Amino acid sequence: MGHEYDLSRIEKVAERLGLISNRSTDTTKQRQGRSDEVTPTGDGRLDSYPDPATWDDWTEYESSGEPREYSVVPTACFNCEAGCGLLTYIDTETGEIRKIEGNPEHPGSRGRNCAKGPATINQLNDPQRIEYPLERDGPRGSGQWRRVSWDEALDDIASEMREALEDDRGNEITYHVGRPGHEDYMDRVIDAWGVDGHNSHTNICSSGARCGYGLWHKYDRPSADFANAEFVLLLSAQLESGHYFNPHAQRIMEGMQEGGELAVMDPRLSNTAAMSDYWLPTQPGSEAAVLLAMANVILEEELYDREFVERWVNWRQFLDEEYPGRERTFESYIDILRNDLYGRYTLEYAESESGVDAAKIEKVGRKIGNAGSRYASHIWRSAASGNKGGWQVSRTLHFLSVLTGSVGTEGGTSPNAWHKFDPDLPNEPPRQKLWDELQLPTEYPFAHYEMSELLPYFLKEGRGKISVYFTRVFNPVYTYPDGFSWIEALTDEDKIGMHVALTPTWNETAYFADYVLPMGHSPERHDIQSQETHAGTWVTYRQPVLREYAEREGDDVDRTYEANPGEVWEEDEFWIDLSWRVDDDGDLGIREHFESPYRDGDGDEPAKMTIDEYYRYVFEQEEKLVELAEEADMTPLEYMKHYGAFEASENDYERHEEPLDESILEEDDVRVDEYGTIRRGEAPEYYSEMDGSDVLGVMVDGEPRRGFPTPTGKQQFYSKTIAEWGWDDQQYTLPNYIKSHVHPENIDYGDGEMVLVPTFRLPTQIHSRSSNSKYLEEISHNNPVWMHTQDADRLGVETGDLVRVETDIGYYVNEVWVTESIKPGIVAMSHHMGQWKVNREEADTDIEEGGDPYGKVTVDLNNEASQWGMRQTEGIQPFESSDSDSERVWWTDGGVAQNLTFPPHPDPVSGMHCWHQRVTVRPAEDDDYYGDIYVDTERSMEIYRKWLDEANPAPGPNGLRRPKWLKRPISPPTDPGEDDAWYVGGPVGRHERWEPDERTTVPDDGDAGTDGSRE
Ligand code: SF4
């Protein structure tokens, strides 16, 4: 059967020369057992993917015409948070993974990937990946290593952990994760240990946006229904790199193909802004002012959705608390919005703050109002994570969704939890009951979440120590601001007793570990993932594909490392084994949570849970999956191993409107309060003490409805919680505009100061995990300073010239790229690139640290007291390896590590590190070299303390550490009687409680304050 369309001339020639298979007479599809009606299709289309029925035994033709036999095994990508589906093609002749493409059965990514998905194969074939456990063999950070067995490593780590637990120092065990991948797996492990031991990267990423959304309705992320939207407003760059980039990008494009329009707010002409209908290049930090001017347009032109706002906003509470003298009517509320609160956000004011044309702001505001329930929006990082007060950006953005009634609608924006899977787990432990003040200190009661960026400063201040510190996909020395302070903390064994880096590849933080333990890449390990990519819920199964292939071939594989290269483990089995060794006699109550849910043990020795048993249990609890598996004549676990994903639900809209059974109102302990909130029992005196469990729903127009998980069950336009915690000012209690630390008032342009936007992502980079990828590094390998032509003229520099960019703690030297795609007065740099390895020529070791030579430059690192300097000594070079491509490396550039030169900027409310920097840019000096870095960490400490002084510490009402109803990871129980940890003075399980007054006095040296002013 040939094609029904004409081959191109080139294809015909190539076919005659035997360079490609004979497509005119190709019978490949018949060999796959697929019908001619299907492939190629009658309309001349080729299928993009093999039919899942053929995955176990798939033949594909080489360009030479040679057939190759494959076993096609699905897994999930781990190169960003989106969790797209992948198909690995395992060559049955060699048993090796030959290529990686998209999984069409994945409901989120639908077979498509960005460049980073297929580049997973580079990670697997990385010639310098770590294949065996290593222990340091000299001072920490000296570059001296020796090989150890897994048994030695596990026993040593388990013994340290057991000692800490028995000594009531359980909170000295910390698991610090950068990119999480498991749905609830580690929460379960940490709860089993009974410690508050979770730390994350959230507060250098999304705390600002989360806080703004969380104050509205507890849910801290948006789930936009882009495909069905009439108008989309993005404050991120989803078409190229933003959150859930590939799944989002395809749905935004679908919406646009159906006539939808796109507006993008970004000071930089991103690829997304370039594709938009309306680009709003805002002055960094002015976004909330623009959004409120749009709200003003919607209010003035009466484009708001009266029905939604009247039914679902806590406006009665707002009037009672803030305007008790005004009439308690909806009209009165709208009048206050228009005349008292938002009338001042005129188009002219928005234009003066943002530099965006008032007419464009008005037009976009009107478009949003007219789109009504089909208005969708998204923000992740960007303005919410760049600016002090950035949490008000997401809060004001959501205000537009509330005004237009597009919360939870088709074509609107839902809470993320409506579209995210929540698994039932085997042998679930009770929730841990401690509070770790190194993660969530009293100063930041609204932090979303752990104050991870401040960990080195807390350790330096003597707030506590860490006995066992696990880092996993977490590289703060490179990724975080002021990486040199991280090095200072990591090399001090009094502060961090044991550092265990769980990593498949070398990185700047692993260089300062005691153990480096190799964990599998995404196709070498198990976990499940689910993300809110659209108005439905999916689950994908990340599985070790060579293990699955071996099992398809009839081999028994007991443990995943048996199928992985070298001695590469996976985390799931690592945590089971480690926990078992920590409590090998079962006395600590940990081991029981790692016993098999299906098998009895042998005598006194219980059966240890296998990884198949864990996922079998999880999948068997999912009704929809059980049905799908039955239809396919498989078990749920077999179904997931074969297809790699399933769709748990679709078209989930307006869940707040779900009616409740009216009989609930008849129950003795149920009552309806003055705002219509249906509660069980008496509400506590303070909102902050409500955990949401007493709120059953809300009465709306006389009907009991599910509502939102807030103290009123409604959207919280007014935050009584914020008011209760000492921020009782409409600047904070309402969606409002807070001037950023980089507001023009704080920048001395006349003295050469500018605003640095250091946060944008490149579409082809994986945060700090790209430098072992030859595909990705060949595409992108530098991060020049974007500078507008006017600024370049003022400084007398051209593209390629070196500039010195001075921050408040040091400087870096980089090339400049002169462009009109950035606003004047602003410079920008991608946060990717600039990865480094230390020049170890002097190290006395048999085992060399790897350096991911496609993307890490070699540096000399110099340190004297608090002064640090870095100079690049060797760029990227061709090198010999098992991959002949490594000798063809043609680029030398690896970029510049700008984050090292940033001081910490913790937002006083959300705890978000505010990334934008006030900088001075000048032409490089004679002895400056490309990539030079200088930092003084003492300056960093001073700036940390100044920002800390702006925080408003706990205790809050009744001695609380944090409002109970707001989210927090691995939360201690909130039920009365179980909730001691929530109160200051409750169990911290660590060291003496640290008091804020113990801070050393900040020297008043007249340097920059946190508002950016120089005194
Ligand atoms: S968007 Fe790209 S990097 Fe992210 S999961 Fe999907 S394929 Fe992987």
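Q: What joins the side chains of Asp885 and Arg888?
A: In this predicted model, the side chains of Asp885 and Arg888 meet in a salt bridge at 2.4 Å, N to O, the term standing for a side-chain nitrogen of Lys or Arg within 4 Å of a carboxyl oxygen of Asp or Glu.

Q: Is Arg888 buried or exposed?
A: Arg888 counts as exposed at 53% relative accessibility, while Asp885 is partly exposed at 30%; buried means under 20% relative accessible area, exposed over 50%, and partly exposed in between, with a 1.4 Å probe and protein chains only.

Q: How many salt bridges turn up in the whole structure?
A: A search of the whole structure finds 86. One of them pairs Arg945 with Glu461 (3.5 Å, N to O); Arg945 lies in helix 29 (residues 937-948) and Glu461 in the loop between helix 17 (455-460) and strand 15, so the pair ties together parts 484 residues apart in sequence. Helices (H or I, at least four residues) and strands (E, at least two) are DSSP runs, numbered from the N terminus.

Q: And Glu461, buried or exposed?
A: Glu461 is buried, with a relative accessible area of 18%, and Arg945 counts as buried at 12%.

Q: Switching to the sheet, what is the strand order?
A: The open sheet of seven strands has the order 6-5-17-16-15-7-8, with mixed pairing, where two strands pair if DSSP finds at least two bridges between them. The edge strands are strand 6 (145-147) and strand 8 (198-199).

Q: What should I keep in mind about numbering and cut-offs?
A: Residues are numbered from 1 along each chain as its sequence is written, and side-chain values use heavy atoms, leaving out hydrogens and water. Local features need pLDDT of at least 70 and side-chain atom pairs count only at pLDDT 80 or more, whereas totals for chains, interfaces and linings use all residues.
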